[in-house]
Amino acid sequence: MLSTATGKVEAHLMSNGFNHLQVKEKYIFPPHQRPQMSEISHSYNIPVVDLKDLDGPHRERVVTEIKRACEEDGFFQILNHGVPETVMKSMMGIAKEFFEMPMEDKVCFYSENLSQVVRLSTSFNITKDKFLNWVDFLTQPCHPLEEFIHLWPHKPAAYREVAGKYAKDIRALVLRLLAVISEALGQDSDYLNKAFDKHRQVMNINYYPPCPNPDLTLRVAPHSDPSGITVLMQGDVSGLQVLKHGKWVAVEPIPNAFVVNLGDQLEVLSNGRFKSAEHRAITNTTTARVSIPTFYGPSLDAFISPAETMVDEEHPALYRGYRHEEFMGEFRNQGLSSKSILERFKI
């Protein structure tokens, strides 16, 4: 029998085995914010970049492909990225195991305090969200790994080992991507590494149960990421969509690929040359979906402003400078709200 505290937590979570059986009123979005399934485009594919030549004589071609994707889409998928398939499958497996555990084994991580370091919760901010998102999530910082891994779940038994290995491999991949994107901006390859100061890496495990009426609700409401860059393992169940020319475009899963999208900090640092892409996730009636985004960006005390070389008479600064902590404070207060937070930092 569940304790009173565990029962209260269970009543909030979507992964409790019964909350997802009907779409309660608090999950029903107003008509103009609903998915409009018939209007989703499946004809446009976001760019797919093969990284196999990244460290060879054809590096410039890869840089050019990524530059085009950053300018035109803010979203692309990558193949031959260097993270072993075994590491990806192990991480996805242990993530599913976590959400399949009994409630008593997870309840100690539940919190509605957005400042809690390792946190299991639901929607985005359950105390403020006007309409709840159809998702539970576990969020955990990953860098420096030795400072945080002892705070991560110790169940399932292999969780810290598997997730720690995955976090290290993702960080190595991100550092390679940051070098390429720096070059795509016409900067020294170390530019973003330095701009991010001490760096900040946060991994989420998102669990989306099936939904009896996907037309009424959203897994994740439209938003752009407040980080610098996001690397997503979206598994084999579709649901992710990106806004392209005012139309929602499905991002179909590719086996062993990662989805990469630019966050708001890259748009500011590039003075608007590169775009942070607005995206969302929709539900389905039959299959639970697990996705694992890693949000990578500046440390909270880093000062962010457009690169000097991105500003001239023809391209005046579009954004004011700020400490990243200020931006994240706005994000925590506002939540998932298209790109409205970035707009507040425009000059």
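Biologist: Which strands does α5 lie across?

Modeller: In this predicted model, helix α5 lies across β2, β4, β5, β7, β10 and β12. Its direction runs at about 135° to that of β7.

Biologist: And what makes α2 roughly perpendicular to α5?

Modeller: Helix α2 (residues 59-72) packs against α5 (residues 159-184) at an angle of about 80°. Angles of 65 to 115 degrees count as roughly perpendicular, so α2 gets that label relative to α5. The two axes are 9 Å apart.

Biologist: Which residues make that contact?

Modeller: From α2 you have R59, V63, I66, K67 and C70. On the α5 side there are L177, A179, V180, I181, E183 and A184. Sorted by class, that gives 8 nonpolar, no polar and 3 charged residues.

Biologist: Back to the strands. What is the order in the open sheet of 8 strands?

Modeller: Reading across, you get β1-β2-β10-β7-β12-β5-β4-β3, and the pairing is mixed.

Biologist: Why are β1 and β3 called edge strands?

Modeller: Each of them, β1 (48-50) and β3 (119-122), pairs on one side only. On average, neighbouring strands of this sheet are turned by 25° against each other, ignoring direction.

Biologist: How do you know that β2 and β10 pair?

Modeller: Two strands pair if there are at least two bridges between them. Strand β2 (residues 75-79) and strand β10 (residues 258-262) are joined by 4 bridges, so they pass that cut-off. They run antiparallel, and F76 sits opposite V260 in β10.

Biologist: Which strands does helix α3 touch?

Modeller: Helix α3 (residues 85-100) packs on this sheet and touches β3, β4, β5, β7, β10 and β12. Its direction makes about 115° with that of β12.

Biologist: Which residues have the most contacts inside the largest nonpolar core?

Modeller: Those are I66, M91, F258 and I292, in a core of 88 residues. Helix α5 supplies the largest share, 13 residues. Leaving out residues up to four places away in sequence, M91 touches V162, A163, Y166, M203, I205, M233 and I292. There is also a second, separate core of 9 residues, which includes I46, V249, V251 and V259.

Biologist: Why does S182 count as buried?

Modeller: Buried means under 20% relative accessible area, and S182 has 0%, so it qualifies. This serine belongs to helix α5. Beyond its neighbours within four places in sequence, S182 is in contact with Q187, D188, S189, Y191 and L192.

Biologist: How many residues lie between β8 and β9 in their hairpin?

Modeller: There are 2, and one of the turn residues, H245, has a positive phi of about 50°. The strands themselves, β8 (residues 240-244) and β9 (residues 247-250), are antiparallel over 4 bridges, with K244 partnered by K247 in β9.

Biologist: What makes Q36 partly exposed?

Modeller: Its relative accessible area is 37%. Buried would be under 20% and exposed over 50%, so Q36 falls in between. Q36 is in the loop between α1 and β1, and its phi is near 55°, positive even though it isn't a glycine.

Definitions and conventions
Residues are numbered from 1 along each chain as its sequence is written. This is a predicted model: local features need pLDDT of at least 70, side-chain atom pairs count only at pLDDT 80 or more; totals for chains, interfaces and linings use all residues. Side-chain values use heavy atoms; hydrogens and water are left out. Axes are lines fitted to C-alpha atoms, for helices over the stretch in contact, and angles run from 0 to 180 degrees between N-to-C directions. Angles under 35 degrees count as roughly parallel, over 145 as roughly antiparallel, 65 to 115 as roughly perpendicular and the rest as oblique. Contact means heavy atoms within 4.5 Å. Ala, Val, Leu, Ile, Met, Phe, Trp, Tyr, Cys and Pro count as nonpolar, Asp, Glu, Lys and Arg as charged, and the others, Gly among them, as polar. A nonpolar core is a set of buried Ala, Val, Leu, Ile, Met, Phe, Trp, Tyr and Cys residues joined through side-chain atoms within 4.5 Å. Buried means under 20% relative accessible area, exposed over 50%, partly exposed in between (1.4 Å probe, protein chains only).
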